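Thanks for passing this one along.

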Amino acid sequence: PFCFADGKFIPTQDATIHPTDLGLIRGYGIFDFFRTVNYQPLFLEDYLDRFINSAAKTYLPLPYSREQLRAIIRELIEKNDLKQGGIRMVLSGGVSENHFSPAQGKLFIFAEDLIFPSKEKYEKGIKLLSLEHVRPIASIKTTNYALAVWHSHIWKEQGAEDVLYHQNKYVSESSRSNFFIVKNGEIITPSENILLGITRKNIINLAKVPVHIRPLTLIEALEADEAFITSTTKILLPVTQIDEQKIGNGQPGPVSMDLLDRFKKLES
Ligand code: PDD
(Lines give C-alpha, C1' and ligand atoms only; values in the text may rest on other atoms or scores of the structure.)
Protein backbone atom coordinates (compact mmCIF):
# COMPACT_ATOMS: atom_id res chain seq x y z
CA PRO A 1 0.00 0.00 0.00
CA PHE A 2 0.92 3.63 -0.63
CA CYS A 3 0.65 6.54 1.73
CA PHE A 4 1.09 10.27 1.38
CA ALA A 5 3.92 11.59 3.60
CA ASP A 6 6.52 14.35 3.28
CA GLY A 7 4.62 15.72 0.31
CA LYS A 8 4.74 12.59 -1.84
CA PHE A 9 3.27 9.14 -2.35
CA ILE A 10 5.54 6.43 -0.96
CA PRO A 11 5.13 2.81 0.13
CA THR A 12 3.47 2.99 3.57
CA GLN A 13 6.23 0.93 5.14
CA ASP A 14 8.76 3.61 4.13
CA ALA A 15 6.98 6.47 5.95
CA THR A 16 8.95 7.80 8.89
CA ILE A 17 8.36 9.98 11.89
CA HIS A 18 11.04 11.83 13.83
CA PRO A 19 11.58 10.42 17.34
CA THR A 20 10.99 13.84 18.91
CA ASP A 21 7.72 14.47 17.03
CA LEU A 22 5.17 15.91 19.46
CA GLY A 23 2.76 13.19 18.41
CA LEU A 24 5.14 10.67 19.85
CA ILE A 25 6.57 12.41 22.90
CA ARG A 26 3.55 14.50 23.97
CA GLY A 27 0.57 12.74 22.38
CA TYR A 28 -0.12 15.96 20.43
CA GLY A 29 -1.78 15.59 17.07
CA ILE A 30 -5.11 15.34 15.29
CA PHE A 31 -6.60 12.88 12.85
CA ASP A 32 -9.71 11.88 10.98
CA PHE A 33 -10.91 8.66 9.49
CA PHE A 34 -13.40 7.90 6.72
CA ARG A 35 -14.39 5.09 4.38
CA THR A 36 -14.57 4.58 0.66
CA VAL A 37 -17.57 2.87 -0.91
CA ASN A 38 -17.08 1.81 -4.49
CA TYR A 39 -13.98 4.04 -4.77
CA GLN A 40 -15.92 7.08 -3.48
CA PRO A 41 -15.01 8.67 -0.14
CA LEU A 42 -18.23 8.68 1.87
CA PHE A 43 -19.24 12.14 3.24
CA LEU A 44 -15.75 13.46 2.41
CA GLU A 45 -16.64 17.14 2.81
CA ASP A 46 -17.90 16.55 6.36
CA TYR A 47 -14.69 14.76 7.31
CA LEU A 48 -12.57 17.49 5.70
CA ASP A 49 -14.52 20.15 7.61
CA ARG A 50 -13.82 18.38 10.88
CA PHE A 51 -10.14 17.72 10.09
CA ILE A 52 -9.48 21.33 9.06
CA ASN A 53 -11.31 22.55 12.16
CA SER A 54 -9.35 20.20 14.47
CA ALA A 55 -6.07 21.49 13.00
CA ALA A 56 -7.08 25.12 13.54
CA LYS A 57 -8.23 24.48 17.10
CA THR A 58 -4.96 22.76 18.02
CA TYR A 59 -2.80 25.54 16.46
CA LEU A 60 -1.34 23.12 13.93
CA PRO A 61 -1.01 24.71 10.49
CA LEU A 62 -2.23 22.37 7.77
CA PRO A 63 0.32 22.41 4.95
CA TYR A 64 -2.37 21.78 2.26
CA SER A 65 -5.58 23.47 1.20
CA ARG A 66 -8.92 21.66 1.12
CA GLU A 67 -8.66 21.31 -2.68
CA GLN A 68 -5.17 19.83 -2.37
CA LEU A 69 -6.33 17.39 0.32
CA ARG A 70 -9.19 16.30 -1.95
CA ALA A 71 -6.77 15.72 -4.84
CA ILE A 72 -4.33 13.78 -2.62
CA ILE A 73 -7.18 11.57 -1.37
CA ARG A 74 -8.40 10.87 -4.93
CA GLU A 75 -4.90 9.89 -5.98
CA LEU A 76 -4.41 7.71 -2.89
CA ILE A 77 -7.66 5.85 -3.65
CA GLU A 78 -6.44 5.25 -7.19
CA LYS A 79 -2.94 4.17 -6.19
CA ASN A 80 -4.28 1.73 -3.60
CA ASP A 81 -7.20 0.55 -5.76
CA LEU A 82 -9.26 1.27 -2.66
CA LYS A 83 -12.75 0.09 -3.56
CA GLN A 84 -13.86 -0.46 0.05
CA GLY A 85 -11.41 0.75 2.62
CA GLY A 86 -10.51 3.22 5.31
CA ILE A 87 -8.47 6.37 4.92
CA ARG A 88 -6.76 7.96 7.89
CA MET A 89 -5.43 11.50 7.83
CA VAL A 90 -3.03 12.26 10.67
CA LEU A 91 -1.50 15.63 11.41
CA SER A 92 1.14 14.95 14.00
CA GLY A 93 2.43 17.78 16.18
CA GLY A 94 5.78 17.75 14.40
CA VAL A 95 9.27 18.44 15.61
CA SER A 96 9.49 21.27 18.11
CA GLU A 97 12.65 22.97 19.31
CA ASN A 98 11.63 23.03 22.95
CA HIS A 99 9.91 19.63 22.70
CA PHE A 100 6.64 21.29 23.68
CA SER A 101 5.31 24.14 21.53
CA PRO A 102 3.64 23.06 18.30
CA ALA A 103 5.46 24.34 15.21
CA GLN A 104 4.90 22.71 11.83
CA GLY A 105 2.75 19.59 11.92
CA LYS A 106 3.55 16.56 9.82
CA LEU A 107 0.80 15.17 7.61
CA PHE A 108 0.27 11.50 6.80
CA ILE A 109 -2.62 10.19 4.73
CA PHE A 110 -2.84 6.44 4.38
CA ALA A 111 -5.19 3.60 3.50
CA GLU A 112 -6.28 1.01 6.05
CA ASP A 113 -8.19 -2.25 5.95
CA LEU A 114 -11.59 -1.84 7.56
CA ILE A 115 -12.41 -3.79 10.69
CA PHE A 116 -16.18 -4.15 11.06
CA PRO A 117 -17.92 -5.60 14.13
CA SER A 118 -19.10 -9.21 13.71
CA LYS A 119 -22.60 -10.05 12.46
CA GLU A 120 -23.37 -11.50 15.89
CA LYS A 121 -22.90 -8.10 17.53
CA TYR A 122 -25.53 -6.56 15.24
CA GLU A 123 -27.92 -9.42 15.95
CA LYS A 124 -27.50 -9.59 19.72
CA GLY A 125 -26.32 -6.12 20.59
CA ILE A 126 -23.40 -5.28 22.82
CA LYS A 127 -22.70 -4.45 26.45
CA LEU A 128 -21.21 -1.11 27.52
CA LEU A 129 -19.55 -0.50 30.86
CA SER A 130 -20.32 2.92 32.35
CA LEU A 131 -17.22 4.75 33.47
CA GLU A 132 -16.78 8.13 35.12
CA HIS A 133 -14.69 10.17 32.70
CA VAL A 134 -14.96 13.06 30.30
CA ARG A 135 -12.67 13.37 27.29
CA PRO A 136 -10.62 16.57 27.38
CA ILE A 137 -11.33 18.95 24.47
CA ALA A 138 -13.85 16.35 23.35
CA SER A 139 -15.01 18.25 20.25
CA ILE A 140 -11.54 18.07 18.67
CA LYS A 141 -10.46 14.81 17.06
CA THR A 142 -7.09 14.55 18.77
CA THR A 143 -4.89 11.47 18.55
CA ASN A 144 -4.85 11.26 22.33
CA TYR A 145 -6.67 8.03 23.18
CA ALA A 146 -4.22 7.08 25.93
CA LEU A 147 -6.91 6.82 28.62
CA ALA A 148 -9.29 5.03 26.27
CA VAL A 149 -6.66 2.40 25.51
CA TRP A 150 -5.72 2.19 29.17
CA HIS A 151 -9.39 1.80 30.22
CA SER A 152 -9.94 -1.00 27.75
CA HIS A 153 -8.54 -3.63 30.11
CA ILE A 154 -11.28 -2.69 32.61
CA TRP A 155 -14.22 -3.12 30.25
CA LYS A 156 -12.75 -6.23 28.67
CA GLU A 157 -12.45 -7.77 32.12
CA GLN A 158 -16.16 -7.03 32.69
CA GLY A 159 -17.19 -8.68 29.42
CA ALA A 160 -18.15 -5.36 27.82
CA GLU A 161 -17.50 -4.29 24.21
CA ASP A 162 -16.72 -0.72 25.10
CA VAL A 163 -17.30 2.04 27.59
CA LEU A 164 -20.03 4.62 28.20
CA TYR A 165 -18.47 7.78 29.59
CA HIS A 166 -20.42 9.80 32.13
CA GLN A 167 -19.69 12.61 34.52
CA ASN A 168 -21.87 14.42 37.09
CA LYS A 169 -24.81 12.13 36.21
CA TYR A 170 -24.63 12.91 32.46
CA VAL A 171 -23.47 10.52 29.75
CA SER A 172 -21.48 11.71 26.74
CA GLU A 173 -20.20 9.06 24.36
CA SER A 174 -18.24 5.82 24.05
CA SER A 175 -14.47 5.60 23.52
CA ARG A 176 -14.69 5.75 19.70
CA SER A 177 -18.37 6.27 19.00
CA ASN A 178 -21.41 8.41 19.80
CA PHE A 179 -24.31 7.28 21.96
CA PHE A 180 -28.09 7.40 21.42
CA ILE A 181 -31.19 6.15 23.20
CA VAL A 182 -34.78 5.63 22.10
CA LYS A 183 -37.51 6.35 24.66
CA ASN A 184 -41.26 6.32 23.98
CA GLY A 185 -40.60 6.39 20.24
CA GLU A 186 -38.29 9.41 20.37
CA ILE A 187 -34.53 9.59 19.96
CA ILE A 188 -32.21 11.35 22.40
CA THR A 189 -28.48 11.90 21.96
CA PRO A 190 -26.12 13.84 24.24
CA SER A 191 -25.19 17.39 23.26
CA GLU A 192 -22.17 17.97 25.51
CA ASN A 193 -18.61 16.64 25.84
CA ILE A 194 -18.72 14.71 22.60
CA LEU A 195 -17.01 14.48 19.27
CA LEU A 196 -19.51 15.61 16.63
CA GLY A 197 -19.57 12.31 14.78
CA ILE A 198 -20.27 12.32 11.06
CA THR A 199 -22.26 9.09 11.46
CA ARG A 200 -24.20 10.72 14.32
CA LYS A 201 -25.11 13.63 12.04
CA ASN A 202 -26.33 11.31 9.28
CA ILE A 203 -28.33 9.16 11.69
CA ILE A 204 -30.00 12.30 13.09
CA ASN A 205 -30.87 13.36 9.54
CA LEU A 206 -32.27 9.94 8.65
CA ALA A 207 -34.49 9.68 11.72
CA LYS A 208 -38.23 9.57 11.06
CA VAL A 209 -39.13 10.21 14.70
CA PRO A 210 -38.36 13.32 16.80
CA VAL A 211 -34.69 13.66 17.79
CA HIS A 212 -33.69 15.55 20.94
CA ILE A 213 -30.08 16.71 21.19
CA ARG A 214 -29.63 17.57 24.85
CA PRO A 215 -27.87 16.54 28.07
CA LEU A 216 -28.82 12.93 28.85
CA THR A 217 -28.49 11.30 32.27
CA LEU A 218 -27.06 7.87 32.97
CA ILE A 219 -30.38 6.95 34.61
CA GLU A 220 -32.24 7.82 31.39
CA ALA A 221 -29.78 5.65 29.49
CA LEU A 222 -30.34 2.70 31.84
CA GLU A 223 -34.13 3.10 31.53
CA ALA A 224 -34.16 3.48 27.75
CA ASP A 225 -36.28 1.33 25.43
CA GLU A 226 -33.36 1.03 22.99
CA ALA A 227 -29.78 2.25 22.86
CA PHE A 228 -27.07 2.27 20.20
CA ILE A 229 -23.68 3.67 19.31
CA THR A 230 -22.56 5.12 15.97
CA SER A 231 -19.21 5.51 14.24
CA THR A 232 -17.64 5.39 10.80
CA THR A 233 -16.79 1.68 10.98
CA LYS A 234 -19.62 0.45 13.23
CA ILE A 235 -22.29 2.57 11.51
CA LEU A 236 -24.93 1.73 14.14
CA LEU A 237 -24.42 -0.98 16.72
CA PRO A 238 -27.26 -1.83 19.12
CA VAL A 239 -26.50 -1.64 22.85
CA THR A 240 -28.55 -4.20 24.77
CA GLN A 241 -26.84 -3.98 28.14
CA ILE A 242 -25.21 -1.24 30.22
CA ASP A 243 -23.38 -2.57 33.28
CA GLU A 244 -25.72 -5.22 34.73
CA GLN A 245 -28.86 -3.54 33.35
CA LYS A 246 -30.63 -4.93 30.27
CA ILE A 247 -31.78 -2.17 27.92
CA GLY A 248 -35.46 -2.50 26.96
CA ASN A 249 -36.18 -6.17 26.36
CA GLY A 250 -32.48 -6.94 25.92
CA GLN A 251 -32.77 -7.22 22.12
CA PRO A 252 -31.81 -4.75 19.38
CA GLY A 253 -34.84 -2.48 18.97
CA PRO A 254 -36.94 -1.66 15.88
CA VAL A 255 -36.08 2.07 15.70
CA SER A 256 -32.34 1.25 15.83
CA MET A 257 -32.48 -1.49 13.21
CA ASP A 258 -34.61 0.63 10.87
CA LEU A 259 -32.02 3.43 11.08
CA LEU A 260 -29.20 0.97 10.33
CA ASP A 261 -31.10 -0.34 7.29
CA ARG A 262 -31.71 3.14 5.98
CA PHE A 263 -28.08 4.18 6.52
CA LYS A 264 -26.97 1.17 4.47
CA LYS A 265 -29.33 2.18 1.66
CA LEU A 266 -27.87 5.69 1.74
CA GLU A 267 -24.46 4.12 1.14
CA SER A 268 -25.37 1.97 -1.83
N1 PDD B 1 -13.67 7.20 16.04
N2 PDD B 1 -16.46 9.81 19.40
C3 PDD B 1 -15.15 9.52 19.42
C4 PDD B 1 -14.37 9.79 20.66
C5 PDD B 1 -14.53 8.96 18.27
O6 PDD B 1 -13.23 8.67 18.28
C7 PDD B 1 -15.32 8.71 17.11
C8 PDD B 1 -14.70 8.14 15.86
C9 PDD B 1 -16.70 9.02 17.16
C10 PDD B 1 -17.61 8.77 15.97
O11 PDD B 1 -17.36 9.68 14.92
P12 PDD B 1 -17.63 9.29 13.40
O13 PDD B 1 -19.06 8.88 13.27
O14 PDD B 1 -17.35 10.56 12.66
O15 PDD B 1 -16.69 8.18 13.05
C16 PDD B 1 -17.22 9.58 18.32
C17 PDD B 1 -12.93 6.73 14.89
C18 PDD B 1 -13.74 5.89 13.97
C19 PDD B 1 -11.66 6.02 15.35
O20 PDD B 1 -11.33 6.12 16.52
O21 PDD B 1 -10.98 5.42 14.54
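This is a predicted model: local features need pLDDT of at least 70, side-chain atom pairs count only at pLDDT 80 or more; totals for chains, interfaces and linings use all residues.

1. The protein has 8 helices and 16 strands. Its radius of gyration is 19 Å, close to the 18 Å from the globule rule for 268 residues, so the protein is as compact as a globular protein of that length. Along the principal axes, the C-alpha atoms fill a box of roughly 55 × 40 × 30 Å.

2. How much of the chain is buried? Of the 268 residues, 38% count as buried. As for contacts with a separation of 6 or more, 69% of them come from residues 24 or more positions apart.

3. The largest nonpolar core has 32 residues, and the members that touch the most others are L128, L164, I181, A221, A227 and V239. At least two residues each come from β7 (126–132), β8 (162–167), β10 (178–183), β11 (186–189), β14 (226–231), β15 (235–242) and α8 (254–267). The largest share belongs to β15, with 5 residues. In general, nonpolar side chains tend to be buried together in soluble globular proteins.

4. V239 is worth a click. Leaving out residues up to four places away in sequence, V239 touches G125, I126, L128, A227, F228, I229 and I247. Apart from this core lies another one, of 21 residues, including F4, I73, L82 and M89.

5. On to the domains. The domain assignment gives domain 1 as 2–112 and domain 2 as 119–267, and their C-alpha centres lie 27 Å apart. The contact takes 19 residues from domain 1 and 11 residues from domain 2. On the domain 1 side, β3 (29–37) and α2 (44–57) each supply at least two residues, and β3 gives the most, with 8 residues. By class, that side of domain 1 divides into 9 nonpolar, 5 polar and 5 charged residues.

6. Which residues come nearest to the ligand? Of the 14 residues around the ligand, they are L195, G197, I198, T199 and T232. The elements that give two or more residues to this shell are α6 (198–206) and β14, with α6 giving the most, 3 residues. The shell has 3 nonpolar, 8 polar and 3 charged residues.

7. Stay with α6 for a moment. I198, T199, R200, N202 and I203 are buried in this helix. What do the buried residues of α6 pack against? Their partners are α2, β10, β11, β14, β15 and α8. Note that α2 also supplies residues to the side of domain 1 that touches domain 2, while β14 also gives residues to the ligand shell.

8. Finally, two backbone angles to look at. Most residues other than glycine have a negative phi. I137, however, has a positive phi, near 30°, and is found in the loop between β7 and α5 (146–157). I137 counts as partly exposed because it has 13 C-beta neighbours inside 10 Å. K169 also has a positive phi, near 80°, and lies in the loop between β8 and β9 (170–171). Is K169 buried or exposed? With 11 C-beta neighbours inside 10 Å, K169 counts as exposed, since the cut-off for exposed is 12 or fewer.

Key. Residues are numbered from 1 along each chain as its sequence is written. A nonpolar core is a set of buried Ala, Val, Leu, Ile, Met, Phe, Trp, Tyr and Cys residues joined through C-beta atoms within 7 Å. A residue is buried if 20 or more other C-beta atoms lie within 10 Å of its own, exposed if 12 or fewer, and partly exposed in between; C-beta atoms are placed from the backbone. Helices (H or I, at least four residues) and strands (E, at least two) are DSSP runs, numbered from the N terminus. Two residues are in contact if their C-beta atoms, placed from the backbone, lie within 7 Å. Domain bounds come from an automatic or database domain assignment. Ala, Val, Leu, Ile, Met, Phe, Trp, Tyr, Cys and Pro count as nonpolar, Asp, Glu, Lys and Arg as charged, and the others, Gly among them, as polar. A residue is near a molecule or strand if its C-beta atom, placed from the backbone, lies within 6 Å of it. The radius of gyration is taken over C-alpha atoms; the globule rule is 2.2 Å times the number of residues to the power 0.38.
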